[in-house]
Amino acid sequence: MMAKAPRDPLTLDLLSWVPKEPLPFPALNAEPSPEPRGCRLTEFVSRQVADALRDTDLPRDEVARRMSGVLGEPVSAHMLNAYASQARDDHNISHARMIALAVALDRPDLLAPGVQRVGKVMIDRPYLSAVRSAMRRDEAREYQRMADMANQDADRADREWRGR
């Protein structure tokens, strides 16, 4: 009889494999994130710039010229290409230049993802007074609720004081 060869400690045993626990399903009521999962913010912004430049009918030289007019400093089409490239981590568009791009393309929606990240939304100026009015009404309702509660507490204290 031959002696059994010692087991190599670096070789995995195929019969000892156990499947991993499945990942839980995402919550049905989970709010969708503003960008795809696993996407870094810089990549998201680069893709947003690239999409905006692709969707416009203006040539990049014209977009750069308009941005230069807004900023008061030169912007080149090559810079726009770098801002639109997800591979160029060293060339991210600044906030001021993103604003200039939004103005140059008349695309305020380019600024919305930043606003959404802090839990807010953007609205058009004509609707601002309606939103402020609704906020004032909500505030008045809250004050009325607090006043009603204070009156109820005072009534309760009066009843206790009078012995009823």
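This report describes the helices, the nonpolar core and several individual residues of the structure shown above.

**Overall layout**

The model is a predicted one, and its protein chain contains six helices and zero strands, so that the pattern read along the sequence is α-α-α-α-α-α. Of the 164 residues in the protein chain, 18% are buried.

**Helix packing**

Two packed helices are described by the angle between their axes and the distance between the axes.

| Helix pair | Angle between axes | Axis distance |
|---|---|---|
| α1 and α4 | about 20 degrees | 11 Å |
| α2 and α3 | about 100 degrees | 8 Å |
| α2 and α4 | roughly 120 degrees | within 8 Å |

Helices α1 and α4 pack at an angle of about 20 degrees, and because angles under 35 degrees count as roughly parallel, α1 and α4 are roughly parallel to each other. The crossing in which α1 passes α4 is left-handed. On the α1 side the contact involves Val-45, Gln-48, Val-49, Ala-52 and Leu-53, which meet Met-98, Leu-101 and Leu-105 of α4. Sorted by class, this contact of α1 with α4 comprises seven nonpolar residues, one polar residue and no charged residues.

For α2 and α3, the angle of about 100 degrees makes α2 roughly perpendicular to α3. Here Arg-60, Asp-61, Val-63, Ala-64 and Met-67 of α2 meet Ala-77, Leu-80 and Asn-81 of α3, and the contact of α2 with α3 has, by class, five nonpolar, one polar and two charged residues.

The axes of α2, which spans residues 60-71, and α4 cross at roughly 120 degrees, and α2 and α4 are therefore oblique to each other. The crossing of α2 and α4 is right-handed. From α2 the contact draws on Val-63, Arg-66, Met-67, Val-70 and Leu-71, while α4 contributes Ala-96, Arg-97, Ala-100, Leu-101, Val-103, Ala-104 and Leu-105. In class terms, the contact of α2 with α4 has ten nonpolar and two charged residues, with no polar ones.

**The largest nonpolar core**

The largest nonpolar core has 18 residues, and those with the most contacts inside it are Val-49, Leu-53, Val-63, Met-67, Leu-80, Leu-101 and Leu-110. At least two residues of this core are supplied by each of α1 (41-55), α2, α3 (77-84) and α4, and the largest share, six residues, comes from α4. Leu-101 belongs to the α4 side of the contact with α1 and also to the α4 side of the contact with α2. When residues up to four places away in sequence are not counted, Leu-101 touches Val-49, Leu-53, Val-63, Met-67, Ile-93 and Leu-110.

Ser-46 has its place in helix α1 and counts as buried because its relative accessibility is 4%, where the limit for buried is under 20%. Leaving aside neighbours within four places in sequence, Ser-46 is in contact with Tyr-83, Ala-84, Ser-85, Gln-86 and Asn-92.

Gln-48 also lies in helix α1 and is likewise buried, with a relative accessible area of 12%. With neighbours within four places in sequence again left aside, the contacts of Gln-48 are Met-98, Asp-109, Leu-110 and Pro-113.

**The loop between α4 and α5**

Asp-106 lies in the loop between α4 and α5, where, at 66% relative accessibility, Asp-106 counts as exposed. Most residues other than glycine have a negative phi. For Asp-106, by contrast, phi is near 55 degrees, a positive value in a residue other than glycine.

Arg-107 lies in this loop as well, between α4 (95-105) and α5 (112-117), and is partly exposed, with a relative accessible area of 22%. Apart from neighbours within four places in sequence, Arg-107 is in contact with Ala-52, Asp-55 and Ala-102. The C-alpha atom of Arg-107 is separated by 9.9 Å from that of Thr-56, although Arg-107 and Thr-56 are 51 residues apart along the chain.

Note on methods: Residues numbered from 1 in each chain as written. Predicted model: local features only at pLDDT ≥ 70, side-chain atom pairs only at ≥ 80, totals over all residues. Heavy atoms only, no water. Helix = DSSP H or I, 4+ residues; strand = E, 2+ residues; numbered from the N terminus. Buried < 20%, exposed > 50% of the residue type's maximum accessible area, 1.4 Å probe, protein only. Contact = heavy atoms within 4.5 Å. Axes fitted to C-alpha atoms, helices over the stretch in contact; angles between N-to-C directions. Parallel < 35°, antiparallel > 145°, perpendicular 65-115°, else oblique. Left-handed = near helix turned anticlockwise from the far one by under 90°. Nonpolar A, V, L, I, M, F, W, Y, C, P; charged D, E, K, R; others polar. Core = buried A, V, L, I, M, F, W, Y, C linked by side-chain atoms within 4.5 Å.
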